[in-house]
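Subject: Structure handover

Hello,

Here is the structure I promised you. Please open it first, then read my notes below.

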Amino acid sequence: MQEIVMPRMNQDMALLCLLIPLLPFIGFLLNGLGNRKFSKGLVGFIGCSTVLVSFLISIYLFLDFKANGSQAYTVDYYNWISAGSLRIGFSFLIDQLTLLMLLMVTGIGFLIHLYSAGYMSHDEGIGKFFSFLNLFMFSMLLLVMGSNYVMMFVGWEGVGLCSYLLIGFWNKNTNYNNAAKKAFIMNRIGDLGFLLGIFLIFITFGSVSYPQVFAEASKLTGLDTPVMIGITMFLFIGAMGKSAQIPLFTWLPDAMAGPTPVSALIHAATMVTAGIYMVIRSNVLFILAPTTLEVIAIIGAATALLAATIGLVQNDIKKVLAYSTVSQLGYMFLALGVMAFSSSMFHVLMHAFFKALLFLGAGSVIHAMSNEQDMRRMGGLRKALPVTFITFLIGTLAISGIPPFAGFFSKDELLAHVFEHNKILWGVGVLASFMTAFYMFRALFLTFFGKFRGPEEQKHHLHESPAVMTVPLIVLAILSTIGGFLGIPEVFGAEHVLGDYLAPLYTYARSINPAAFETGAVSHELEFILMAVSVGVAVLAIIIAYFMYIKKEEVPAEENARLAPVHNLLYQKYYIDELYNSLIVRPVMWLSNAVHRLVDVIVVDGIVNGVGRMVILSGRTLRYAQSGAIGFYLLVMVCSIALILFLNFFIG
Amino acid sequence: MTSIILLSIFGIINLFVGFMKSKRILLPLSLLFLAVVFGANLFSWNEAQSYFNHMLTIDNYAVAFTGIMVLATLLLLPFSQHYIEEANENLAEFYSLLLFSLVGAIMMVSYENMLMLFIGIEILSIAMYVLAGSDKRRLRSNEAALKYFLMGAFFTGVLLFGIVLIYGATGSFYLTDIAATAAVNDGTVNAMFTLGLLLLVIGISFKISAAPFHFWAPDVYEGTPTLFTSYMSTVVKIAGVAAFYKLMAAAFAASYAAWFPTLIAITVLTLVVGNIGAVVQTNFKRMLAYSSVSHAGYLLMALVAFNERSDASILFYSLSYALATIVAFAVLQYVSEQRNGDETYAAFNGLGKTNPLLAFAMTVAMCSLSGIPLTAGFFGKLFVFTAVVQDARLMWLVVVAVLMAAVGIYYYFKVVIAMYMQPAADAAKIRIGSFASFMLIFITVFTILLGIAPALVSDLL
Amino acid sequence: MNQIPDIIRTIPLNYYLYFSTALFIIGVIGVLIRRNAIVIFMCVELMLNAVNLLLTAIASYRADTNGQVFVFFIMAVAAAEVCVGLAIIVMTYRNTRSTDVQLLNNLKW
Amino acid sequence: MTESLFYFLASLTLLCALMVVISRNPVHSVLFLIITFFTISGHYILLNAQFLAAVNIIVYAGAIMVLFLFVIMFLNMNKDSESRVKTSTLSKFAGTIAGGLLFVIMVAAVKDTTIAGYNADTFTSQTGMVETLGAVLFTQYLLPFELASVLFLVAMVGAVMLGKKEAGEQHF
């Protein structure tokens with residue numbers, strides 16, 4: 001897999017590689033230091049252009065990489081950390097995975113920067129905002145480009161910090177403290193796991209640099225040794241925190257308190273996929289611990305389902321998207337758990353397209369509605385916001401898995417792998433997929449269809465967003481439409497571009513456990529059936545959503561006419577729908593609410609708040625010990641001396 | 001050795017210069033002295049030598065820690081400007097005492113004989129008792145001095161009793177002799193030796209404010225004038241930890257089993273008490289006092305690890321901790337002075353708007369103290385933790401420490417939030433001299449530089 | 001010339017250890033139960049004297065000068081400490097009109 | 001004879017030390033402390049450490065105790081100064097128990113230890129004499145001896161700084 005020496009040590013290339021993270025950092029410095037003096041246009045220009053150039057360099061690197069036979073290489077800069085036997089270079093690893101992540105992070109990052117220039121144009125703190133955003137890009141690029149776990153951790157902490165800063169960006173009008181605190185504590189738990197994983201890797205392999213660790217790991221024999229389970233579980237705990245998996249997921253919906261572009265960039269498209277990236281990067285280690293993979297698969301499936309059920313009843317448009325993000329991340333982990341690393345990456349990529357699109361679309365809506373996020377106050381916006389509507393529709397189709405949009409291919413491939421592995425998990429996945437289609441279309445219908453339910457005077461203010469905001473939407477919509485062709489399934493006779501591209505990453509892993517990478521166990525007929533099932537449930541969900549949110553809302557006649565065939569077909573079964581409603585939908589809704597209450601509010605929040613309260617309580621108790629009286633201090637200290645001596649001499 | 005001689009002479013010169021009417025020359029002069037000492041100290045690098053019948057050895061360990069302590073003093077002295085402005089009568093005495101106390105600190109990192117350790121600790125402590133009470137008419141300062149003094153004297157007794165018992169068991173005050181006797185006897189000479197060792201550990205734990213012998217620290221730190229609190233929590237603590245490590249490595253390495261359980265308990269307790277105690281504080285200075293307790297815990301972790309990485313980790317951690325602490329106390333000093341002596345978090349409200357530089361320096365310092373990457377503090381913690389995990393059985397200690405570091409971020413960021421997110425109650429800009437601003441920038445840049453290229457320092461030892 | 005003193009021949013060194021420990025602990029108890037700063041300080045002196053006594057005893061038994069020199073230094077340090085300590089107590093007295101340490105608890109929590 | 005002298009002196013020392021702790025009047029405490037120091041000097045003489053015995057009397061009983069006495073008189077504390085706020089019996093009790101506990105633990109820890117005593121072959125009775133000590137002090141211990149001067153300088157500067165009256169400060 002990765003070569004330890006760089007095949008073409010070339011000064012220009014080294015500089016180019018360095019420029020990719022450095023440019024956003026420069027942007028951060030410029031905007032951070034000069035945000036008072038720069039005009040808003042200049043701030044936006046600096047913010048966007050640095051990321052754009054990084055994106056262009058990434059493309060160049062990618063082409064160059066392809067042209068030179070796709071040979072992975074590392075770029076060493078200097079001896080970063082050197083303490084005793086621990087030597088860590090400041091170096092980048094350029095391989096298939098890095099380049100893919102680079103393109104995704106910088107590409108989507110650029111679009112979101114561009115969009116932010118429009119979205120935040122009325123905000124006073126735009127300079128601060130862009131500097132944080134650029135800092136985030138810098139950290140994220142460090143995370144994906146670093147050639148060792150410590151660099152990944154540095155980036156990991158950096159993105160966490162930016163996320164923390166940006167959640168609180170509008171601290172004035174949100175429940176900032178709780179959201180930030182929750183995000184903070186949960187991410188800390190994750191970071192703790194990650195850090196311990198790194199330490200364990202260091203103990204086990206004597207190094208933290210990927211090439212060395214993986215080369216060492218591939219020499220290990222025997223699956224499921226305790227130390228490998230330990231390492232991978234720790235790493236996975238880290239991934240759980242960052243990628244919002246059960247039980248560390250509730251911070252993500254709360255993080256929606258930040259500006260919408262932040263939600264799009266950090267809490268949907270890039271940062272939250274860092275956990276997936278980490279697992280794929282460490283695939284060699286995870287292959288060695290099948291038990292961990294089982295746990296990952298189960299947790300992923302459970303998260304996908306749980307988040308989807310909660311998503312059913314959300315009324316805040318961003319919360320819906322947030323829960324759908326959690327749910328989609330669950331899918332990705334499910335795929336990782338069944339060792340379908342490439343499929344997971346495929347879904348990461350597609351998800352980045354359509355989720356960024358959906359968030360930006362939601363942002364556009366919120367922008368038009370003057371910061372109203374409640375879908376119950378929206379409705380009928382498709383006339384006022386045509387571009388937003390079309391692109392949002394494409395995004396919704398994509399996430400629901402309707403062919404030929406991006407989500408169909410990735411989700412289908414992913415589910416096929418899961419099916420091969422475990423039928424129950426597949427069932428869970430399909431169920432979650434059904435719910436996804438339902439709540440996404442519910443959101444779509446509530447927002448863009450029906451009558452406008454907001455205040456009257458707002459109706460006149462509705463306006464399409466400026467071009468600087470709609471262009472990213474359109475680009476993302478195109479990507480969400482055609483992106484899926486990167487990974488057309490075998491049954492259609494095409495090559496799986498992405499799968500072939502990523503294949504070299506698994507050289508070591510394949511040599512350890514060849515069985516895991518054998519494909520084609522599923523016959524073509526079965527594959528078609530699986531596809532049909534997933535499309536079928538999605539369509540069913542859409543139809544139900546249609547009935548619930550359009551039909552019962554007395555939609556105008558001409559809408560009816562256009563959808564007549566479907567409508568007539570279902571109209572006669574209306575009471576079945578009613579039955580369905582009271583027998584299934586209601587209980588499901590009730591259950592989903594209950595789950596939300598129970599898991600989210602009571603268990604997770606309870607634990608998080610409980611820990612916090614415990615810390616504060618013990619702090620208070622300690623305070624009373626600090627009574628200010630010398631006599632008391634000395635008494636306690638003398639007793640401590642007596643205790644120490646007693647324990648040392650008479651116990652053990 | 002040169003540094004000790006120079007510092008003693010410079011201290012006396014400072015006292016004489018204090019007779020002059022104008023006190024303005026004292027600060028530049030003291031800075032110059034310290035710079036000279038810093039430079040002279042570097043000449044001993046890689047030239048390990050033992051002096052005066054093996055009373056002390058100036059090796060790289062001593063040179064490195066001397067360098068850090070002199071540097072820390074050099075960096076915090078410029079923030080004594082307000083003493084100059086108010087024409088404090090005792091300015092010369094302050095500077096001299098700091099220089100003299102550095103002599104004690106250097107003795108503590110280079111001693112080869114228990115007597116040198118004892119005299120070093122005493123020089124440092126007595127100077128600190130005086131400086132703690134240097135704001136003579138403020139009751140809090142009096143109280144701090146008296147508390148520090150009474151408890152310090154008490155633990156001097158404990159420390160001495162330990163030294164005597166060790167002497168009784170081994171017949172010598174020299175570290176090498178003690179180590180030789182202990183090695184022959186399998187690390188445990190007899191019960192008297194063990195008792196002495198434990199009392200010694202307790203005595204030094206008190207000096208570095210490790211729990212449960214930390215009770216003095218919050219009260220004394222809070223009452224002491226801020227400049228000297230800064231000195232106490234940097235130089236005194238670093239000297240204490242360096243002396244502690246030297247003692248354990250040079251004399252009691254073979255007796256590892258005898259002190260390890262006690263020390264690990266002290267370490268964990270220190271981490272927990274320091275961090276949990278800091279959470280509930282509303283007074284920033286008192287929070288820093290607790291945080292300094294917690295940092296003693298991290299430093300002790302490296303000591304507990306007790307392997308070839310410990311000394312380098314302690315060195316790097318000390319430096320990163322000193323830089324950040326100096327900034328924190330310096331900013332606190334300026335803010336509280338100009339906001340009616342308010343030392344609570346609220347005093348920092350809106351500082352981000354009124355004084356971006358102060359706020360930025362403070363933010364970097366807080367990041368460094370809490371161990372956020374790209375600051376020196378991150379690598380400080382990283383090195384300490386990697387030193388500890390060399391022994392996989394100590395993994396749980398790292399778990400505790402990381403959890404506690406997480407708690408740490410919570411209270412360190414409270415001040416950052418106050419600076420940037422809270423509206424300013426008192427919108428007046430904090431005045432700060434240009435030299436002090438320069439120093440703040442310098443320390444901040446240095447902190448970030450160490451966060452980007454820690455190899456500058458981490459591989460010295 | 002090399003006559004071994006009676007006491008060294010008849011009294012085991014352990015007795016001195018117990019004796020000094022007792023003296024030390026009396027000092028400790030005094031520090032714990034008294035509230036007058038000056039008396040507390042005197043009790044600390046008592047502790048130091050216990051140390052001195054033990055040190056001298058050990059040094060004498062082994063005819064080792066090092067121990068006795070150490071005692072000399074302890075005395076010197078004690079003198080310096082007394083000098084500063086009494087200055088601090090007097091300074092505090094000026095402000096509070098008391099040397100009772102229990103009354104000094106403005107710094108707490 | 002010498003043995004009983006040891007026991008006598010030891011009990012006297014402990015008794016006086018206890019009286020230092022128990023006496024309610026600080027002046028009495030000082031006086032008992034002085035007696036303690038004299039008895040300790042007696043021990044030194046018994047141990048053939050004549051120089052230390054002399055120094056102990058001069059430095060401790062002479063200088064340090066006079067300083068204590070002076071400060072007590074100066075602060076006009078010859079009456080019982082602790083009566084204003086009554087010390088709770090509980091805290092006294094707790095202090096005594098803690099100290100007693102520590103004593104029991106320490107003695108129990110070392111009671112089985114045999115400490116290397118005297119070696120009749122190498123013993124020299126000149127150890128505690130001023131010339132022997134002086135020779136060691138000014139050769140082997142020269143550096144700490146010189147550095148002790150820094151310690152005294154610190155103490156001196158500190159005491160002067162804390163003790164001197166500043167402009168506007170109230171008089172005693």
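What percentage of the 461 residues of chain B count as buried? The share is 69%. A residue is buried if 20 or more other C-beta atoms, placed from the backbone, lie within 10 Å of its own; 12 or fewer make it exposed, and anything in between partly exposed.

Some ground rules. This is a predicted model: local features need pLDDT of at least 70 and side-chain atom pairs count only at pLDDT 80 or more, while totals for chains, interfaces and linings use all residues. Residues are numbered from 1 along each chain as its sequence is written, and chains are lettered from A and ligands numbered from 1 in the order in which they are written.

Chain B

Chain B has 20 helices and 2 strands. These are DSSP runs, numbered from the N terminus: helices are H or I with at least four residues, strands are E with at least two. The radius of gyration of chain B is 21 Å, close to the 23 Å of the globule rule, so chain B is as compact as a globular protein of that length. That radius is taken over C-alpha atoms, and the rule is 2.2 Å times the number of residues to the power 0.38.

Chain D

Chain D has 6 helices and 0 strands. Its radius of gyration is 21 Å, well over the 16 Å that the rule gives for 172 residues, so chain D is more spread out than a compact globule. Of its residues, 38% count as buried.

Two residues are in contact if their C-beta atoms, placed from the backbone, lie within 7 Å.

One helix pair

H4 of chain C (65-96) packs against H6 of chain D (142-163) at about 10°, with axes 9 Å apart. Axes are lines fitted to C-alpha atoms, for helices over the stretch in contact; angles run from 0 to 180 degrees between N-to-C directions. The two helices are therefore roughly parallel (under 35 degrees; over 145 is roughly antiparallel, 65 to 115 roughly perpendicular, the rest oblique). Phe73(C) and Phe152(D) are among the contact residues.

Best wishes
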